[in-house]
Amino acid sequence: MEAFDILKIAANALNEKKGKEILGIKIDNLTVLAEYFLICTAGSTTQLRALCDEAEEKLEESGIRPHHIEGKTTGWVCLDYGSVIIHIFTRDQREFYGLDKMWSDGEPINMEEILTNSQED
């Protein structure tokens with residue numbers, strides 16, 4: 001499966017569970033780590049776990065398994081799918097680590113085009 005397809009599945013899973021500030025960044029021209037980062041904010045540690053579980057479940061249904069998962073007991077969980085790395089943060093952790101700023105040279109992905117059911121606040 002293509003990296004962009006993995007990104008879409010994961011982004012929609014996060015959106016379904018009310019993840020906030022979902023950001024996709026194409027980073028393949030900046031690093032060999034991955035093709036995309038997907039970053040999301042959870043409103044609580046309980047929601048953080050629910051977001052992780054949903055992303056894992058939806059990707060598993062498509063036959064995609066993570067290479068590695070880190071931080072399930074912290075405020076920052078990293079789901080490594082090789083070409084796509086998913087970062088799910090609590091608000092404080094997202095602000096503290098600032099991946100959005102650190103990878104701002106990457107190409108932002110228009111999430112409105114790939115989210116199938118945009119949230120209404």
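A crossing of two helices is left-handed if the near helix is turned anticlockwise from the far one by less than a right angle, and right-handed if clockwise. In this predicted model, local features need pLDDT of at least 70, side-chain atom pairs count only at pLDDT 80 or more, and totals for chains, interfaces and linings use all residues. Residues are numbered from 1 along each chain as its sequence is written, and side-chain values use heavy atoms, with hydrogens and water left out.

**How α1 meets α2**
- Helices here are DSSP runs (H or I, at least four residues), strands are too (E, at least two), and both are numbered from the N terminus.
- The crossing of α1 and α2 is right-handed.
- Helix α1 (residues 3-16) packs on helix α2 (residues 45-61) at about 140°, and their axes are 8 Å apart; axes are lines fitted to C-alpha atoms, for helices over the stretch in contact, and angles run from 0 to 180 degrees between N-to-C directions.
- In contact terms (heavy atoms within 4.5 Å), I6, I9, A10, A13, L14 and E16 of α1 touch L51, E54, A55, K58 and L59 of α2.

**Inside α1**
- Buried means under 20% relative accessible area, exposed over 50%, and partly exposed in between (1.4 Å probe, protein chains only).
- Among the buried residues of α1 are A3, I6 and L7.
- Those buried residues pack against several elements, including β1 (20-26) and α5 (111-114).

**A look at D80**
- D80 sits in strand β4 (residues 76-80).
- Its relative accessibility is 23%, so D80 counts as partly exposed.
- Setting aside neighbours within four places in sequence, D80 contacts P66, H67, H68 and I85.
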